[in-house]
Amino acid sequence: MADRPLPAPLPADLPEDWSSGQIVAPEGADVGLSEQHGYNYLMGQVNAAQRAVNTINEGFDGISGKRTCRFVIGTSTAGWTQADCDYLCDGTDDQVEIQAAVDALRDADGGTLVILAGTYNLTNNVNINDHKDFHGGFSLIGNPGVTVLNLPASGNIDIRMVYHSAPVLLSGLTLKSAGRFSRLNATNAEIEINGCTFVNIQTGLYSNLIAHANIRFQNNLMIASSDSDLPNGILNVTCSGDEFNRSKAYISGNFFDVSAQPSGQDMIVNVDASDDEVIVENNVVWCAEKGWVIQTRGSVLFANNRLHNVSAVFNSVGPVTGNFIFNASVTARSPSITGNYLRNTPVVITTATVVSGNWLYNEHGAALTVRKGSSGETPDLTPVIVGNFFNGGDIGIYLSEAGPYIYEPEMSHALISGNRVRGCATAIQIDSDWSSCMITDNLFEGSIVNNGTGNIIRLNSDDPGGGGSTSGVTSFKGRTGIVTPQSGDYTAEMVGARPDTWTPTAADVGAVTAEQLNAAIRAAVLDSWEGSY
C-alpha cells in the first residue's frame, strides 16, 4: 500500500453552532466560548486544509499519466476472491479465464499477466498469439513453485508471434502434464523462459529467418518421469537464419532430470541452430540406461555442462570445452574438444578436431577414437591430439579404419603428441587406412600398434635412444620393437657397392679425378710398405 500524502488527518472540529450577533474574538476563551470559536483557530485550520490540497496536487508531478497494463488471475481454490484479482478461476476449465486475460492483455497492446499462487486446471489449449496491431511485450508471471498449471493430455500452451517478434517473458510458472504428453510451443517469439518448472512437458522453441527472434532458456527445471511419453525430447530449439539475419539461442543454468527412459524418447535436448548458440552450465541427469539424448547442429558453444548417464552427439561447428561427462559417450564433429573431464565416456571424433587438455578415464574399449571413411588422396584434414591424460581401458588413442559410413575420406596426417597414456594394453593403435601421421613425445605404458603406412613414430617413452620406427616398420629380420641397423642387414647391391667381380672400363677410369687417383696410389704404396717389414 502506498504512503498517504498527509501523514495525519486534519481535525475536522470547527464549530457549526454560531448564532446571530455572537461576539467573535481572537481566542474563544476571551468571550467565554471554546477554543474552536476563536478566529485564530479557524484561520489556522483553513490554512492547514489549503496546504493539504497543495501537497496532494504536487504529488501528481511524478505521475506520467500513463498506466502500465497489468491483470491479475487468482483461483478460489487457493482462497482468492474477486476483490483480489481481475479474473477469478474456480479449479474447473481454468483456461477460460486465463484465455480471457490473455486476450485482454493482447488487445491492450501488451503488459503483464500475474497468476497468483494456486493450482489451475486446464482442459483445453491456451493461445498467446499476436495480430497486426500488436507491438507490445507480454509477461506471464507466477509465484515460483506454487503457481501450478495442470495441462490436459495432448494439450498445448501455444505462443505464436506471426507479425512481430514482440518480446515474451515466462517466469515463476510450474507446468505439469495431467496426462502423458503436453507441450509448450513458442514460434517466432523473442522469448525468455526463466525460473520455470516443467513436469512431463515437451518444450519447443522455434524461430525462422523472417522473425529473427532470439531465445533465452535459463534457470529452469525440466523433469520427465517414467510414465511420460515425450518423443523427440523434452527441449527442442530450432533457430534459422543467414549471416545477415540470425536468430540466436542461449540455454544456461537449467537442470534436466529424467528419472527413467520414457517410451519413445530418443533425446533430452535437441538444438538445431544456424549460428551463435550457447549452451552453458546446465546439469543433465539421466537415471536410466544410456541413450542418445543430447544433440546439437549448427554453430553451438557447449561449455561447463555436467552430463550424467547421457550420451551427446555434437554435429556442430562449435567448441566443446570444460564439461564434466560421466558414464556416457560423445560423438563430435566439433573443431575442438578441450579441457573436459570424461569418465567412462568414450569419445568418437569424425572430423579435423583439436583434442587437447582433456582427462579421459575409460574401463573398456578405446577412450578416443578418430574415425574416417576411406583412404583419401589428399591430407587436407588433420586431427590434432595433444596434451591429454588417458587412464585405463583397452586402447588409449585409436585411429580407426574405414567403417560402414563415409565420414572424412581425406582425413590423414594426424598429429599425436605430448599425451600421457597409462593403464592401457595398447596406448596408440593406427589402422591401415591412416598414413603420414606423426606420433612423438608421448609418455605411455603398453605399446604402439602401427598398421598404417608412412607414419613417423619417434621420441616417445619407449624410444630412449632417440631412434624408433619409421614408415610403419615394426619388425625386421626377426627383430621387433626398436629396429636399428646391424651388419648384414643389406646386400652390396642394395647400398650401391661395387661387386668383387667388377672390371673397370676406360670410361670408368676416365671418370676418376686426379685427387681420387692419387689417394688410391698412396693407399696402395702404404699397403706395400707395411707388407715389406
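The model is predicted. The salt bridges in the model number four, and three of the residues involved, E190, E192 and R216, are linked in a network. A search of the whole structure also finds three cavities of 30 Å³ or more.

**The salt-bridge network**

- E190, E192 and R216 are joined to one another by a network of salt bridges.
- R216 pairs with E190, and their closest N and O atoms are 3.7 Å apart. This pair links distant parts of the chain, since R216 belongs to strand β15 (residues 215–218) and E190 to strand β12 (residues 190–194), 26 residues apart.
- R216 also forms a salt bridge with E192, where the closest N and O atoms are 3.8 Å apart. E192 lies in strand β12 and R216 in strand β15, so this pair ties together parts that are 24 residues apart in sequence.
- E190 has a relative accessibility of 16% and therefore counts as buried, because buried means under 20% relative accessible area.
- R216 has a relative accessibility of 27%, so R216 counts as partly exposed.
- E192 is also partly exposed, because its relative accessibility is 22%.

**The salt bridge between R420 and E445**

- The side chains of R420 and E445 meet in a salt bridge, with 3.9 Å from N to O. R420 sits in strand β40 (residues 420–422) and E445 in the loop between β43 (443–444) and β44 (447–450), so the pair ties together parts of the chain that are 25 residues apart in sequence.
- R420 is partly exposed, with a relative accessible area of 25%.
- E445 counts as partly exposed too, at 36% relative accessibility.

**The largest cavity**

- The whole structure holds three cavities of 30 Å³ or more, and the largest cavity has a volume of about 60 Å³.
- I251, F256, V269, I279, N282, V284, I294, F302, N305 and L307 line the largest cavity.
- Sorted by class, the lining of the largest cavity has eight nonpolar residues, two polar residues and no charged residues.

**The nonpolar surface patch**

- On the surface, L14, W18, V24, Y39, L42, M43 and V46 form a nonpolar patch. Together these residues have about 570 Å² of accessible area.
- V46, one of the patch residues, is found in helix α1 (residues 39–59).
- V46 has a relative accessible area of 34% and is therefore partly exposed.

**A loop residue, G322**

- G322 is found in the loop between β27 (320–321) and β28 (324–326).
- G322 is partly exposed, with a relative accessible area of 30%.
- Along the chain, G322 and Y341 are 19 residues apart, and their C-alpha atoms are separated by 7.3 Å.

Technical notes:
Residues are numbered from 1 along each chain as its sequence is written. This is a predicted model: local features need pLDDT of at least 70, side-chain atom pairs count only at pLDDT 80 or more; totals for chains, interfaces and linings use all residues. Side-chain values use heavy atoms; hydrogens and water are left out. Patches are made of residues with over 30% relative accessible area and no salt bridge: like charges are joined within 9 Å, nonpolar side chains (Val, Leu, Ile, Met, Phe, Trp, Tyr) within 5 Å. Accessible areas come from the Shrake-Rupley method with a 1.4 Å probe; for residues, only the protein chains shown count as cover. Helices (H or I, at least four residues) and strands (E, at least two) are DSSP runs, numbered from the N terminus. Buried means under 20% relative accessible area, exposed over 50%, partly exposed in between (1.4 Å probe, protein chains only). On a 1 Å grid over the protein atoms alone, a cavity is a set of points where a 1.4 Å probe fits but cannot get out, and a pocket is an open set with protein on both sides within 12 Å along at least five of seven lines; lining residues have an atom within 4 Å of a point. Grid points are joined across faces, edges and corners, and a volume is the space filled by probe spheres set on the points. Ala, Val, Leu, Ile, Met, Phe, Trp, Tyr, Cys and Pro count as nonpolar, Asp, Glu, Lys and Arg as charged, and the others, Gly among them, as polar.
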